[in-house]
Amino acid sequence: MASPSANSEGAELGRFLRARRTQTSPEHVGLTVGAGIRRTPGLRREELATLAGISIDYYVRLERGKETRPSPAVLDSLARALHMDDQEHQHLRELAARAARYAPEPPPAPSRTVRPHLKLLLESLRPNPAYVISRSMDMLAWNPGGLALYAGLEDWPAKHRNLARYLFLHPASRALFTDWDRQITACVARLRAVAGTAPDAPDLTNLVGELLLKSPDFARLWERYEVTGRKPAQKTFHHPRVGTLTLTSQSMQLEGTPGQRIGTYTAEPGTPDHDAMLLLDMTAPASPGVSSPQPNAARRQS
């Protein structure tokens, strides 16, 4: 008999398939639509099953979370029928693998501890804004510019600082980003991809539950179940302290950590963007997230 957790994993696989099906138009996959009114958004279940070469009953069981062991061939056929890109296809495989495993209890939330050498790394990157975030986008450590770049985030208690929460719930976020819609789409896609393979993890379920309750924009995007939103390489910030600056972003997985990543921003030296970044670093208030009280920028100016 399947465990409750396994059923939960199968339901997550079904939710992803349903979201992709209802957002795939018949025309996109080469089907001719008749003149009648279609009550179903996107593809019908029987249309997708036919395109993928599987029985309608089997596909319905997949979508309802009652079938948790689809073969690799079935997954590949569904991905082709839905015109999934490589990232969506890989996410489908991960969901299926997760659904097939027996997991007796939800995994614990990963540690929030950031190793001392990583805090030193953040300090060495100044004046470039940099921070360490968790898989659920909690900001765990930062240098002065890394925190100050997100205007108003320093007003929140340290344990409440989360980049997804900031984008959707902080009143300053919409003014900070002119492409706010693009930013939130990429944010939700990233959370969807992570949560899809760990749907019962408390750090993710707590954040998602809060945002579903408090943000209609988040709820709308969450329902779409997109996992391929990509953050732009460059971001423009309309910062109330230093004006407008465009920075190049880079995010990297940190080896030997529980899913932690480092995010950093750079600008070409000698440009107005670099000058604004330097000013942001020099004027940012000291905070417990900084590993050293002496800014590199100030030492270079002396």
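Biologist: What do the side chains of Lys214 and Glu210 meet in?

Modeller: A salt bridge, 3.2 Å from N to O. That term means a side-chain nitrogen of Lys or Arg within 4 Å of a carboxyl oxygen of Asp or Glu. This is a predicted model, where local features need pLDDT of at least 70, side-chain atom pairs count only at pLDDT 80 or more, and totals for chains, interfaces and linings use all residues. Residues are numbered from 1 along each chain as its sequence is written, and side-chain values use heavy atoms, with hydrogens and water left out.

Biologist: Where do Lys214 and Glu210 lie?

Modeller: Both are in helix α11, four residues apart, about one turn of the helix. Helices here are DSSP runs (H or I, at least four residues), strands likewise (E, at least two), numbered from the N terminus.

Biologist: Which Arg does Glu210 form a salt bridge with?

Modeller: Arg165, with the closest N and O atoms 2.8 Å apart. This pair links distant parts of the chain: Glu210 sits in α11 (residues 202–214) and Arg165 in α8 (residues 163–169), 45 residues apart.

Biologist: Is Glu210 buried or exposed? And Arg165?

Modeller: Glu210 is buried, at 14% relative accessible area. Arg165 is buried too, at 9%. Buried means under 20% relative accessible area, exposed over 50%, partly exposed in between (1.4 Å probe, protein chains only).

Biologist: How many salt bridges does the structure hold?

Modeller: It holds 17. One of them joins the side chains of Arg126 and Asp281, at 2.7 Å from N to O.

Biologist: Which residues are linked in a network?

Modeller: Glu12, Arg15 and Arg192, through salt bridges.

Biologist: New topic. At what angle do α2 and α4 pack?

Modeller: About 115°, with the axes of α2 (residues 45–52) and α4 (residues 72–81) 8 Å apart. Axes are lines fitted to C-alpha atoms, for helices over the stretch in contact, and angles run from 0 to 180 degrees between N-to-C directions.

Biologist: Which residues make the contact?

Modeller: Leu48, Leu51 and Ala52 of α2, with Ser77, Leu78 and Ala81 of α4. Contact means heavy atoms within 4.5 Å.
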